[in-house]
Amino acid sequence: MKQIIYSLSIGMLACIIMCSCSNNRQSQASAKLEKGIKEMQKDLPMIISPMMKMTDISYKNDVVKVTYTLVDQLFSPFQKAKQDTEVLKRAFSTNLRTMDESNLTLFRLIIEAKNNFEAAITNQSREENVQVRFSSDELDRIINQKGDPKELAHEFLEAQCDLMSLQIPWTIDFVTTMVKVELTDTEFRYYYDIDETAADMDAMSENAEIIKGNIRNNLSNSPEAQVLFKNAQTAGVDVIYIYQGATTGKTVRVNIMEN
């Protein structure tokens with residue numbers, strides 16, 4: 001009987017020590033998180049990409065809230081997805097998985113401190129915003145998710161396809177309108193209608209290589225596009241631009257992944 005009581009006492013003591021250590025680590029992480037956020041606040045606004053910047057960060061009631069300000073063009077699909085939280089969370093989740101380790105420090109501290117994370121996404125005028133929230137457990141699963149890189153890359157493309165589809169139709173210029181975005185097992189496709197009163201489809205077909213070079217050049221300075229291309233390459237998916245004449249129905253197909 002004494003042995004049983006002794007064993008139970010040792011077990012309870014071990015649990016107390018483990019809980020104490022865990023709480024201590026959590027407190028240390030919270031303190032480190034608070035200090036880091038104060039330092040980040042001094043550097044705001046922080047440029048993340050040419051189309052996005054971090055404009056605010058706060059830490060209150062165990063919630064880290066970050067405001068991302070997007071150019072109106074990039075914000076549009078998020079605005080349209082305002083009522084579809086799952087689309088927004090999938091898009092944000094897949095982007096988290098693509099971040100470099102140096103950019104994940106904040107999120108790892110949030111996980112260690114067992115806090116929640118809230119992203120507020122707004123446009124340049126700050127008139128509109130959408131919000132998504134993740135628990136520390138959700139962030140942990142997202143960031144530390146293990147799996148086949150090809151499958152994870154395909155998941156990223158699926159989320160981007162869902163988000164971009166909300167922006168359809170999208171007028172690119174007075175000649176070109178994006179009318180569809182589609183993902184198959186082997187291709188990520190952009191479909192464009194072409195106003196044939198201002199462009200000749202036969203001439204476009206003859207100059208397909210020049211068009212491909214122009215697209216690549218235009219997107220070379222877009223971090224968002226480069227992340228998409230990287231995931232497409234990992235997933236074994238080609239990125240295809242399909243132009244269709246609004247009058248004749250003639251099409252020009254450009255694979256910008258081909259060298």
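Helices (H or I, at least four residues) and strands (E, at least two) are taken here as DSSP runs and are numbered from the N terminus. The structure is a predicted model, in which local features need pLDDT of at least 70 and side-chain atom pairs count only at pLDDT 80 or more, while totals for chains, interfaces and linings use all residues. Residues are numbered from 1 along each chain as its sequence is written, and side-chain values use heavy atoms, with hydrogens and water left out.

The secondary structure of the protein comes to nine helices and 10 strands. Of the 259 residues in the protein, 39% are buried, where buried means under 20% relative accessible area, exposed over 50%, and partly exposed in between (1.4 Å probe, protein chains only). The protein exposes about 15,100 Å², of which carbon and sulfur atoms supply 50%; accessible areas come from the Shrake-Rupley method with a 1.4 Å probe, and for residues only the protein chains shown count as cover. Among the contacts (heavy atoms within 4.5 Å) with a separation of 6 or more, 59% are accounted for by residues 24 or more positions apart.

Helix α1 spans residues 2-42 and includes Gln28, which is partly exposed, with a relative accessible area of 48%. The C-alpha atoms of Gln28 and Ala113 are separated by 7.9 Å, although these residues lie 85 residues apart along the chain.

Most residues other than glycine have a negative phi, and most peptide bonds are trans. The peptide bond from Leu44 to Pro45, however, is cis, with omega near -5°, and Pro45 is found in the loop between α1 and β1 (46-49). Asn61, in the loop between β2 (52-60) and β3 (63-70), has a positive phi of about 50° and counts as exposed at 67% relative accessibility. A positive phi, near 55°, is also found for Lys114, in the loop between α4 (105-112) and β4 (116-123).

Strand β6 runs antiparallel to β7 (residues 176-183) and is joined to β7 by two bridges, with Thr177 in β7 as the bridge partner of Thr171.

Key:
Pairing = 2+ DSSP bridges.
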